Amino acid sequence: MSVAGEVGADGKPAGTRKPGAEATGKPGAVGARKPGAEDTGKPGAEGAASGGRRPGRRRGSADTRGQIVAAARKIFAEKGYDKATIRGIAREAEVDPALVHHYFDTKEGIFVEAMQLPVDPGTIIPLILEGPREEIGERLVRFLLTMTADPANREPILAILRSAMTNDQVLVTIREFMTMAVFNRVVERLGISPVRMEVGFAQMFGVVLMRYVLRLEPLASAEIDELVEILAPTLQRYLGDD
């Protein structure tokens with residue numbers, strides 16, 4: 001039995017719809033979906049809008065980390081360490097800056113991976129500086145000699161030093177990184193003058209170059225313990241109490 005005032009599914013009074021309206025399936029009819037809308041569970045126009053990505057921003061993928069590292073390597077080469085920014089690296093990689101932070105805590109961490117450095121100063125320096133102040137020279141010498149004794153650790157460092165000697169941009173980038181990520185951190189923590197810290201590190205870099213690049217004997221084949229005994233007192237004088 002028909003009830004007066006009965007309302008159809010489309011909101012119109014029963015009996016007022018045009019014949020065949022239920023079967024047309026045209027866009028606009030209630031419940032009708034555009035082709036492909038079933039995949040999103042939303043009408044076609046809404047699904048396209050919600051599934052769209054902002055221009056220049058890519059979501060994470062299996063190779064997102066590698067893409068960020070490649071972008072960072074380019075940005076560091078062009079701008080140096082100081083002027084490179086997380087936002088600039090994200091823009092070059094076409095990802096959101098938050099995604100860069102997802103993979104890397106700091107710009108320093110990105111640089112370490114981009115340059116394939118064997119250690120992160122942000123992790124190692126606090127370990128070296130912990131403990132008795134009168135033993136810091138020995139800890140530093142032993143760490144540097146032990147770390148560079150492994151060819152897998154040593155070669156990336158030597159490769160960067162060679163590049164810095166012939167490429168001004170690499171030189172600037174490495175100098176900025178060493179100053180900001182290493183030297184300033186040690187100076188602040190130990191309360192010593194910058195020149196004392198730089199002289200101490202310069203001596204150790206010289207030892208590494210003579211030992212592994214020039215391969216000067218008997219330094220090249222000397223035992224680590226022997227070199228620690230010789231070098232630690234000198235480094236202690238540079239880095240000990242001011």
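**View A. Glu92, a partly exposed residue, has a relative accessibility of 32%.** Residues are numbered from 1 along each chain as its sequence is written, and side-chain values use heavy atoms, with hydrogens and water left out. Glu92 pairs with Lys74 in a salt bridge, and their closest N and O atoms are 3.2 Å apart. The pair links distant parts of the chain, with Lys74 in helix 4 and Glu92 in helix 5, 18 residues apart. A salt bridge here is a side-chain nitrogen of Lys or Arg within 4 Å of a carboxyl oxygen of Asp or Glu. Helices (H or I, at least four residues) and strands (E, at least two) are DSSP runs, numbered from the N terminus. Lys74 is also partly exposed, at 40% relative accessibility.

**View B. Arg65 and Glu113 form another salt bridge.** Their closest N and O atoms are 2.8 Å apart. Arg65 belongs to helix 4 (residues 64–83) and Glu113 to helix 7 (residues 107–114), so the pair ties together parts that are 48 residues apart in sequence. Arg65 is partly exposed at 31%. Glu113 is partly exposed too, at 31%. By the rule given above, the count comes to 6 salt bridges. Side chains of opposite charge can pair when their charged atoms come close.

**View C. Glu138, Arg142 and Asp225 are linked in a network of salt bridges.** Within it, the side chains of Arg142 and Glu138 meet at 3.8 Å, N to O. How far apart in helix 9 are Arg142 and Glu138? They are 4 residues apart, which means about one helical turn separates them. Arg142 is partly exposed, at 31% relative accessibility. Glu138 is partly exposed as well, at 38%.

**View D. Ala90 is buried in helix 5.** Helix 5 covers residues 86–93 and includes Ala90. Its relative accessible area is 0%. Which residues does Ala90 touch, leaving aside its neighbours within four places in sequence? The partners are Val95, Asp96, Pro97 and Val100, where contact means heavy atoms within 4.5 Å. The C-alpha atoms of Ala90 and Ala72 are separated by 8.4 Å, though the two residues are 18 residues apart along the chain.

**View E. Helix 12 has buried residues on one face.** Its buried residues are Met197, Gly200, Phe201, Met204, Val207, Val208, Arg211 and Tyr212. The arc is that of the directions from the helix axis to the C-beta atoms. These residues pack against helix 9 (136–149), helix 10 (151–166), helix 11 and helix 13. At 1.5 Å a residue, the 19 residues of helix 12 (residues 194–212) should span 27 Å, and the end C-alpha atoms are 27 Å apart, which agrees. That expected span is 1.5 Å times one less than the number of residues.

**View F. The largest nonpolar core has 55 residues.** A nonpolar core is a set of buried Ala, Val, Leu, Ile, Met, Phe, Trp, Tyr and Cys residues joined through side-chain atoms within 4.5 Å. Phe76, Ile89, Ile110, Phe177, Met197 and Leu239 have the most contacts inside this core. Helix 11 (residues 168–190) gives the largest share, 9 residues. Leaving aside neighbours within four places in sequence, Leu239 is in contact with Arg133, Ile136, Leu140, Leu190, Ile192, Arg196 and Met197.

View G. Most residues other than glycine have a negative phi, and most peptide bonds are trans. A cis peptide bond joins Glu217 and Pro218, with omega about 10°. Pro218 lies in the loop between helix 12 and helix 13. Arg215 is found in the loop between helix 12 and helix 13. Its phi is positive, about 55°, although it is not a glycine. Arg215 is exposed, at 55%.

**View H. Confidence is lowest in helix 3 and highest in helix 13.** pLDDT is the predictor's confidence in each residue, from 0 to 100. Helix 3 (residues 44–51) has a mean of 41, and helix 13 (residues 224–239) reaches 94. Over residues 1–58 the pLDDT is below 50. Where pLDDT is low, the predicted coordinates should not be read in detail.

Methods
This is a predicted model: local features need pLDDT of at least 70, side-chain atom pairs count only at pLDDT 80 or more; totals for chains, interfaces and linings use all residues. Buried means under 20% relative accessible area, exposed over 50%, partly exposed in between (1.4 Å probe, protein chains only).
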